[in-house]
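Hello,

I am passing on a structure that will be new to you. Please take a look, and then read on for what I found in it.

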Amino acid sequence: MYSVPLHVALNDGNFIPVLGFGTTVPEKVPKDEVIKATKIAIDAGFRHFDSAYLYEIEEEVGQAIRSKITDGTVKREDIFYTSKLWSTFHRPELVRTCLEMTLKKTQLDYVDLYIIHFPMSLQPGDKFFPQDKHGKVLADTVDLCDTWEAMEKCKDAGLAKSIGVSNFNRRQLEMILNKSGLKYKPVCNQVECHLYLNQSKMLDYCKSKDITLVAYCTLGSSRDKRWVDQNSPVLLEDPVLCAMAKKYKKTPALIALRYLLQRGIVVLARSFNEKRIKENMQVFEFQLASEDMKVLDGLNRNLRYNTAFFFGEHPTQPFTDEY
C-alpha cells in the first residue's frame with residue numbers, strides 16, 4: 001500500500017472507502033449483469049457501492065450484496081452503500097418516500113450515504129423527466145434548504161448514516177452551509193471529475209469546508225449517446241496518459257484513478273468486465289511521483305462528458321464551468 005488510506009473520515013464521524021464501485025448501467029448491458037458484476041466486485045475487495053433511485057437497478061445491486069452477506073463473504077457493516085434522492089422528490093414531504101423506496105428495493109435497513117442527486121427540482125409524478133406537450137422538462141419550485149431539512153430528518157431517523165449532495169456548485173453548497181438552523185452539513189459533493197476536468201477549484205473549496213469530494217466519470221465516460229457528445233475525446237486514449245501508463249507498467253485506467261486518489265478525492269470506478277473490476281483494485285499498489293502528478297495536472301481542459309442533456313435545453317447550473 002502506498003500512502004493512500006483505504007477509508008477517509010467524513011465530517012460527521014463516519015468513514016467512506018476511497019474506492020467505490022459505480023452501478024450506472026449503459027443501455028446495452030442487461031440488468032442481470034449488474035448482479036454478477038457487483039458480486040465480482042465484492043469478491044475482488046470493493047466495499048463501497050454507489051447507486052441511485054434513477055438507475056433503476058437498486059433491486060439487483062441489493063440482491064448481490066445480500067447474497068454476499070448470506071454466504072459469509074461480508075457483513076452488512078462492511079458495505080458502504082450510497083443512494084440518491086431523485087429530482088422529482090425534492091419537496092420535503094417526498095424525500096423520505098424516495099429513500100424508503102430505495103430501502104424496499106435493496107432490502108437494506110439503511111443506506112450509508114444518501115445524497116441529493118441534482119440541485120434542479122422536477123415536478124413530482126411517475127416520470128423521471130416530466131415534460132409538457134412540447135417536450136420541455138417541467139421544473140418544480142422547491143427551496144433546496146427545505147429539501148435538506150428533510151434529508152436531516154432521514155439521518156435522525158437512522159435511515160441514512162450520512163447525507164450529502166451531488167452536482168452542486170459553490171453557490172449551491174453555500175446556500176446549504178449558510179442556511180438558518182443547519183443541523184448537519186453535507187459530508188460530500190459528488191461531481192464529474194477526471195483528468196480532463198480535474199475540479200481543482202471545487203476540490204480546494206470542499207477541503208476548506210471539510211466536505212469530501214467524490215468523483216464520477218473518473219475514466220471519462222461510457223460514451224452513452226443519451227448525454228455524451230460522441231465527438232468528445234476518449235480520455236483513456238490520451239497520449240500523455242498512455243505514456244505514463246507505459247512508464248509505470250500499469251493500465252491508463254489505473255493511472256487515471258490513482259491521480260484522483262492522490263489528490264484526496266474519493267473515486268468511483270465502473271466496469272462490467274471481470275478482469276477490469278479486479279484490475280482496478282491494483283490502484284493501491286503503486287504511487288505516482290510528484291513530477292508525474294504535475295504532468296497529469298496539465299491535461300485538464302475543463303471538458304465535461306456529462307452535459308445533462310436530459311434536463312432540456314438549459315442544463316442546471318453545475319454543468320457550467322462555474323465551480
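The buried residues of helix 2 are covered by elements that include helix 1, strand 5 (80–85) and helix 3 (92–106). Those buried residues (buried means under 20% relative accessible area, with a 1.4 Å probe and protein chains only) are Glu 58, Glu 60, Val 61, Gly 62, Ala 64, Ile 65 and Lys 68. Helices (H or I, at least four residues) and strands (E, at least two) are DSSP runs, numbered from the N terminus.

Before going further, a word on the source: this is a predicted model, where local features need pLDDT of at least 70, side-chain atom pairs count only at pLDDT 80 or more, and totals for chains, interfaces and linings use all residues. Residues are numbered from 1 along each chain as its sequence is written, and side-chain values use heavy atoms, leaving out hydrogens and water.

Helix 2 has 13 residues and reaches 18 Å from its first C-alpha to its last, close to the 18 Å expected at 1.5 Å a residue (that is, 1.5 Å times one less than the number of residues). After helix 2 comes Gly 72, with a positive phi near 85 degrees.

Elsewhere, Leu 261 sits in helix 8 (residues 252–261). Leu 261 is buried, at a relative accessible area of 5%. Beyond its neighbours within four places in sequence, Leu 261 is in contact (heavy atoms within 4.5 Å) with Val 4, Val 18, Val 267, Val 283 and Phe 284. Leu 261 and Ala 64 are 197 residues apart in sequence and 27 Å apart in space, C-alpha to C-alpha.

Best wishes

Key
Buried < 20%, exposed > 50% of the residue type's maximum accessible area, 1.4 Å probe, protein only.
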